[in-house]
Number of protein chains: 2
Amino acid sequence: MQKILNPKSIAIVGASTDPTKLGSLILNNVIRGGFQGKIYPVNPNTKTIAGLTTYKNVSDIPQKVDVACIVVPAKHVTSVMKDCAKKKVKGVVIISAGFGEVGEEGKKLEDKIINIANKNNIRILGPNCLGFINNTNKTNLSFASMKPLKGDIAFMSQSGAFCTAMLDMSIPKNLGFSYFVSIGNKADIGEIDLFNHFMEDQNVKVISAYLEDITDGSLLIQNYEKNKRRKPVIILKAGQTEESKEAIESHTGSIAGSIETFRTAIKQAGIIEAQSTRELFNLMMMFSWSKPINGKRIAIVTNAGGPGIIATDCIIKNKLEIAEIPKDVRQDLKRNLPAESSVGNPIDVIGDATADRYRYPIDVLANSDEVDAIVIILTPQLVTQVEETSKLILNATQLYKKPIIPIFLGKKYVTSGLQRFYDNHVPAFTEIEDAINSLKTLYKYNHHTKNFSTQKIQKKWRKIKNKDKGDFEKEIKNLTTKKTKSVPDKLVEKMAGEIGINLPKQIVTKQISEALNFAEGNYPVALKVANEVIAHKTDMKGIYLNIADPNELLECYEKIQKEVYNLLNTKTFTMVVQEQLSPKVEFFIGASRDGKAGVYSPEIPGFGHLVVFGQGGIYTEIYQDFGYVLVPASKEDIKKSLEKTKIYQILSGARGKEPLNIDKIVEQIYKVQKLILLYPEIENLDINPLIITKRDAIAVDIKMFVSK
Amino acid sequence: MQKILNPKSIAIVGASTDPTKLGSLILNNVIRGGFQGKIYPVNPNTKTIAGLTTYKNVSDIPQKVDVACIVVPAKHVTSVMKDCAKKKVKGVVIISAGFGEVGEEGKKLEDKIINIANKNNIRILGPNCLGFINNTNKTNLSFASMKPLKGDIAFMSQSGAFCTAMLDMSIPKNLGFSYFVSIGNKADIGEIDLFNHFMEDQNVKVISAYLEDITDGSLLIQNYEKNKRRKPVIILKAGQTEESKEAIESHTGSIAGSIETFRTAIKQAGIIEAQSTRELFNLMMMFSWSKPINGKRIAIVTNAGGPGIIATDCIIKNKLEIAEIPKDVRQDLKRNLPAESSVGNPIDVIGDATADRYRYPIDVLANSDEVDAIVIILTPQLVTQVEETSKLILNATQLYKKPIIPIFLGKKYVTSGLQRFYDNHVPAFTEIEDAINSLKTLYKYNHHTKNFSTQKIQKKWRKIKNKDKGDFEKEIKNLTTKKTKSVPDKLVEKMAGEIGINLPKQIVTKQISEALNFAEGNYPVALKVANEVIAHKTDMKGIYLNIADPNELLECYEKIQKEVYNLLNTKTFTMVVQEQLSPKVEFFIGASRDGKAGVYSPEIPGFGHLVVFGQGGIYTEIYQDFGYVLVPASKEDIKKSLEKTKIYQILSGARGKEPLNIDKIVEQIYKVQKLILLYPEIENLDINPLIITKRDAIAVDIKMFVSK
């Protein structure tokens, strides 16, 4: 990575004298960007380009070549790659399009190139990309028509067009970048390599990305957790709906995983998700420029009542707080502001405020221990001094250590004031909503970082797993194929026993005599056909509850036997007989895998398993009141996620109900994780219902499916 | 109203020669605005201002005066008002501040002025306002430093500063207004007068407003429903949280009602709520400039895959649809676009598209019956032609009848293209999210308008009420005071009987002998202490369920008697004995009043009653899954609102459950409306539980409170 982003020498294969060609544009960008190393144009048809000696092949260059930038048509890329291998080039940037993104044929070509690269230890950026710009050492190896300003943001994008739009937005606002990387088809170098690099690079303060798919979610999270400096990472993820996933697949062949898995994963790791381009941009500005925020008590200073009210609404909706202005501060303000001013919060310096009117409240609030950030609203009124006020606010932002965020409403009249803020790297806004939303994210991030445990994921796994191998590894491996298969209830029972998942008193058997024996002394009981017999029992009347005596049990057995016979033409089947439990609350725990079976070994990509839990029974689907954790999560993580569900209020004893044993629920979820870590072959798992009694949580029905 | 907004003659009281004074600014605005009528400066200290004869008093002006604009200090306004009355001026615009917004003293002064106005039949705009601009007849009676462009939007604002910010935003985007009105403290003229005026004025196509409180919600809705031309009304309402309501009260003394009541009301009427300044602005542009949209199938044309995916996500999240491109159209596109293009939807004309590449897909989609609107995304890439593409899109918007909405991503490079759209009144965006959100609102509005019944509210009331007077009017009037009071269960029972609200078999009595008599033949029964005895029965063990026989009933009675004696020192109390019902689902119906008791007479302001309903029992509060209607709502309205709740899925038979009798629930809600219309003294009403059995909906417990 270091070699590619900081090359000492660059070959440009396809360099051209024709100014309309990409090969010419890139060469120009490299030269005009002020690149400090050697530049070698490669083009078989000419001797010099732009005064530089030009070579027929990369291998003809007598000196060392760190990076080759390839701008020739797709069909020629393979031979250029071979040539690069010959020259022992360590990195290539493939600008050329016509690979994975154009379908089967292109995909094959891409695989060929990857193959050459792997064999010869060459890293690839692209293909189908814009190139990259490293502003820390004046390397502009891209065909971008604009150059990003210098700054401390590292940005990467899976869409080249998104790069240019972002550049076009950033320049007028003076937002600067240390790196700007177009990752294209991600044939080799992807978000993780870049994240790792940026986390270590001291020129980077903020990492941001536009991504359509995550190549290896679990690795991303692991690496992020290693990130000791805790740099903020902000991701805009396209492909949040089924429809857009289709669009992604038809464009780049990427498979976008479940958005819930992605969200849970990044939330657990403390990565920030932007919901729109606008939000991504605002957050980049905020994290790059703002002072840190230590709490959520916001003060508002405004020259207009209405916008003050809108800001108040926004603060509350964003779960920040309206700072309580202490009585002495209020009195102090009262003495120093006109009688009509309001000195509560919002502090209204009223419409006839000139710049100087803002000074006193800003100073007082900046010095108050009761205020964590100040939002300053200016609307262009008759005597409003946009210039002077912006100067005064700018001074304050330089003097004080808490965020002081200007919001200048309007457009034409306030532009000059806003520009002063941008020029001086002060985050400033024209929309109240944007400002407050950015403050909230800054607060949440600072807060999360403070409370973040740096415990590494591998350690966590080991802690949760307790042992290296499941007792039933052989059985599960034998069962696992590419096609999804149901795990027999008998084996599920054993696995649950291994882990310590609570089951009711039960027997899994094919013999009605054994069933009757078990039932004796356990009435009332429930009788069910085993899950592996039929996936959806309720459709075939395969379940009977509250069976009171042997006669009834026998009767129910015969009914099921008849159904099974009709369906499967056999009289023998596995059944489960359980003690009948009466729940306080019905719960469920589900798990599903993103990626392949061996997901917990570093070679297999995917986020791993998402565990979901919530109220069971008829309300599950209609209220969708779920908690999520990505495996592995600590008991604390699980509890936190559970606490965010609404059903938690019932569990913890709302409305005078008796509180239930929440620790037992958390423990069962934790044990499901253990099960999954021992048996990553589990593709889906569904415990429904998990019956919550006053003292316990019991898994009454476990459906389990495995696949490679 | 007509006289004020279209004056033939204006007196400016406080007109001044000092250019820093408001009196001078306003006079200047009137003159430079090109006012066609007579202008009379009023100032006791000078003979002429700006070459115009100046008068000592309004009453000294020899000719007729339609409107007096008052710009003198608050303490002098009373005497100016008297002078205006003497001159028989029909309208005044009070610019002066220092009234209701500064506290008790100011409020008194404001009342005095209102008093003079009422006695002399004078209408007031303001006080504490910016004035107004009528662009249809060149009247600029304001001290705004900018002048709105001409157009067809009427805008009003309760915040003067919001006016100036909106002006500043509108001018660069070329967005034009027919009226621009600052309503200030709304001492007299408020949103309703203006809405009425604008609805009738053919120069107005779109009505928009920034409001902090609604003076008379029910009247607003009534008038809106009269609006036969169905002009879109867009409101940005500040004061959505408790905290911001406090801020409003401390600023203007207005009491902002419940945001749920406001939302339900305006939704029922088809008024559009903007959630932010930005959204308000975008919707004004969209409704003023866009072609109407007839369906929700959106096509996307883009020169970049990433933004196409983001747009797809947005369309789905906004509940619009990705248009299905017919096979023949796809094939046609395939033939006419480069091989790498994607011809599904989004249609990707790829990064090297010049302007001409956009032409074919736009024409084809504009002519397709399968597409209701086209969104065109441009990102500034290497060969992108911003100018040429914007010209081509502009032509298409002029040629075709469906909305064709350009989104140009970026900033600097795309500005000239965007400006071309604004200059030609084509709604255009720099943010995908804004464009799609605006399209959604346009679609929803067109759809709502199409399905809107113009039935008038008064008629609806009569229809629901059936009769003019409640049988128990006397009893309720006697009970009603300013202080909230509980209505005795016996009376509630009678009122329910009058309306036909379903009660269980029950008796309300003080005699245990009567209770025992009733219970005979009705066991199991429930015994409860009457609501008027204790508000929260469960706190005092005032309720016993599933009583099996007379002994148990007597036992329970004695327990309650003991509790009542301890609490109230009396042995007699009212109790309710009911048949014991077993519910399929527990439901509740609540109602609460916004405004005063006589809310359904036109003199009393307020939105009236909000009726809320949803799942009862322990889940009510945690899931907050409620339906709302504002009284009066038709059965159809009620059903629609019920259908939007999640519990509706259970009621209608989700997950294989038996469907319940939904019509019966709707009927009970409808009857609650009837009760409220007959007895507007009801401040709060709570039917909880409303027990839903397979065939019926029965109000097991009704709590009712009245107040003036």
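Two residues are in contact if their C-beta atoms, placed from the backbone, lie within 7 Å. The views below show a predicted model, in which local features need pLDDT of at least 70, side-chain atom pairs count only at pLDDT 80 or more, and totals for chains, interfaces and linings use all residues. Residues are numbered from 1 along each chain as its sequence is written, while chains are lettered from A and ligands numbered from 1 in the order in which they are written.

**View 1. The contact between chain A and chain B.** Chain A contributes 70 residues to the contact, and chain B contributes 70 residues. Several helices of chain A each supply at least two residues to the side that touches chain B, among them helix 5 (160-170), helix 10 (277-289) and helix 16 (432-450). Helices (H or I, at least four residues) and strands (E, at least two) are DSSP runs, numbered from the N terminus. With 10 residues, helix 11 of chain A gives the most to this side. The side of chain A that touches chain B comprises 30 nonpolar, 25 polar and 15 charged residues; Ala, Val, Leu, Ile, Met, Phe, Trp, Tyr, Cys and Pro count as nonpolar, Asp, Glu, Lys and Arg as charged, and the others, Gly among them, as polar.

View 2. A residue is buried if 20 or more other C-beta atoms, placed from the backbone, lie within 10 Å of its own. The buried residues of helix 5 include Phe162(A), Met166(A), Leu167(A) and Asp168(A). In chain A, the buried residues of helix 5 pack against strand 10 (149-157), strand 11 (176-182), strand 12 (206-211) and helix 10, and in chain B against helix 11 (305-317).

**View 3. The packing of helix 23 and helix 25 of chain A.** Helix 23 (residues 635-643) and helix 25 (residues 662-678) of chain A pack at an angle of about 120°, and their axes lie 10 Å apart. Lys635(A), Ile638(A), Lys639(A) and Leu642(A) in helix 23 meet Ile665(A), Val666(A), Ile669(A) and Tyr670(A) in helix 25. The residues of this contact divide into 6 nonpolar, no polar and 2 charged.

Notes:
Axes fitted to C-alpha atoms, helices over the stretch in contact; angles between N-to-C directions. Buried ≥ 20, exposed ≤ 12 C-beta atoms within 10 Å, placed from the backbone.
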